[in-house]
Each structure stands twice: as C-alpha cells, then as structure tokens.
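Hi,

Here is the structure I promised to pass on.

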Amino acid sequence: MKSTTDFDEITVFGARGHSLMILRGLEEYWRGRVRVRALIDDIENGFVHPGLGVPVISSAARLRDHAALPVLLTVSNPGLRRRVAGGLREEGATLATACCPDLPHVDPDVQFGPGSITMPWTRIGPAVRIGACAMILSSSIGHDVEIGDFSTLAIESALAGHVRIGESVNIAPRGAVMNGSRRRVMEIGDGAEIGGGAIVIGKVAAGARMIGNPAMPIRDWVRLRGLLRGETGSEAL
C-alpha cells in the first residue's frame with residue numbers, strides 16, 4: 001500500500017458529515033497548508049460541495065483527473081474502509097497519512113501506519129504503533145499500545161497503557177479500555193465493537209459487541225436487565 005505524509009494537495013474519499021468533521025479537525029494542525037482538490041463520493045456526485053467549495057466526484061473521475069494526488073480515506077466504518085482501501089490499492093493510488101508527530105503531546109517514537117488518520121488533539125504516549133488505515137479521533141492513548149489495521153477510535157474514547165487492539169475494531173465515543181499491565185496486556189479481538197461509554201477492564205473476544213460499565217456482551221446486559229425486572233428464562237432475553 002503506497003502512502004505519504006508529505007503532501008500539500010489531496011483528494012478526500014468521503015463527502016459527508018464525518019468526513020467534514022475530520023477535515024475541520026485536521027485543519028487545526030494544517031492551518032491552510034493542505035489544499036483539498038476534490039471530495040470522492042460514489043453515491044452522490046457531480047456538484048460543488050456547498051461547505052468546502054470543491055467538486056464532489058466519483059472514483060472514476062478521481063482516477064481520470066486526480067490520479068497523482070494522495071487520497072485521504074475518511075470512511076468511518078472499518079469494514080467499508082478496508083474495502084475502499086483495497087480498491088484504491090488496485091488503482092495504484094497513494095494514501096495520505098494524516099498525523100501530527102511534532103506536537104508536544106505526541107511521543108516522538110509513535111509509529112503511524114500508512115493511510116492512517118490521527119487527530120491533532122489526541123495525546124499519545126511512548127511505544128505506540130498505529131496500524132494501516134486506522135482512524136484515531138480519541139482523547140488519549142497511553143504507553144505500550146498497538147492498534148490494528150482499519151480500527152476506529154471515536155472521539156473522546158481512551159486507551160490506557162498496555163493495550164492491544166485488533167484489526168477492524170470499532171470503539172465508540174467515550175469508550176475506554178484499561179486495566180492492562182506489562183505482564184497482562186489487555187487485548188481486544190479483531191472486529192470487536194465497544195459501545196459508547198463502555199469501560200473495558202477484561203479481554204474481549206474477536207467479533208464481540210460490548211456495552212456498559214463494566215463492559216460485557218450485549219446479550220449478558222439484556223439478561224441482567226431482565227433479572228432486575230424480575231423476569232426469568234426466555235423472558236429475560
């Protein structure tokens with residue numbers, strides 16, 4: 001996967017609210033240095049974006065008119081982001097890696113994966129590796145942390161130290177993962193989903209969907225809620 005951190009012009013895959021939020025946040029760091037030439041949207045295109053004043057185009061138009069420009073991949077869903085990245089790779093595109101390594105609250109040894117996005121407000125400790133096309137909107141990432149390819153850490157989420165996040169994991173706003181240690185790394189399996197406000201203090205299996213404080217699988221929360229209501233058996237599910 002070709003990528004670069006050195007760019008002053010880009011195209012952006014994504015033209016809706018989430019993509020605009022990403023761009024507004026990155027502008028806090030770019031401060032006019034990076035020019036967006038076009039937004040890419042394969043569902044609705046062929047018009048000038050009313051907020052940014054740049055054309056919204058299809059993937060075919062990008063390949064025809066802007067093939068040489070790096071592409072910033074702002075798709076929020078990890079699975080869809082992986083598929084889009086695969087298509088861009090087949091087209092020979094270069095992905096823009098958006099990071100802020102020179103900010104004082106970012107450890108100088110952080111490894112930013114190709115095509116990843118890390119917002120300027122995220123505090124990052126030492127010994128952190130961010131995977132390819134990961135999207136980091138979180139408030140803070142502790143020390144000794146690995147974040148897998150295509151994972152998403154939403155705004156105001158947080159990771160404490162000694163955490164390993166698998167691939168295509170989605171951590172919703174205000175979700176937090178903690179309780180890891182040097183001898184017992186806290187692991188979140190591939191494809192897991194951590195709900196908004198969930199506090200994870202134990203290992204999470206691949207594909208699990210967790211909610212609550214302390215976080216537990218959704219089915220367990222439904223059963224617990226039923227027991228609190230005095231329901232039993234199938235009534236509690």
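Below is what turned up in it.

Some ground rules: this is a predicted model, where local features need pLDDT of at least 70, side-chain atom pairs count only at pLDDT 80 or more, and totals for chains, interfaces and linings use all residues. Residues are numbered from 1 along each chain as its sequence is written, and side-chain values use heavy atoms, with hydrogens and water left out.

Let's start with the rings. Rings of Phe, Tyr and Trp (its six-membered ring) pair if their centres lie within 6.5 Å; planes under 30 degrees apart are stacked, over 60 edge-to-face, and the rest tilted. That gives 1 aromatic pair. The ring centres of Phe7 and Trp30 are 6.1 Å apart with the planes at 90°, so this pair is edge-to-face. It links distant parts of the chain, 23 residues apart: Phe7 is in the loop between strands E1 (3-4) and E2 (9-13), and Trp30 is in helix H1 (residues 17-30). (Helices are DSSP runs of H or I, at least four residues, and strands are E runs of at least two, numbered from the N terminus.) Phe7 and Trp30 are both buried, where buried means under 20% relative accessible area, exposed over 50%, and partly exposed in between (1.4 Å probe, protein chains only).

Now the backbone. Asn213 and Pro214 are joined by a cis peptide bond, omega about 0°, and Pro214 sits in the loop between strands E23 (209-211) and E24 (216-217).

Asp144 is not a glycine, yet its phi is positive, about 55°. Its relative accessibility is 36%, so Asp144 counts as partly exposed.

Cheers
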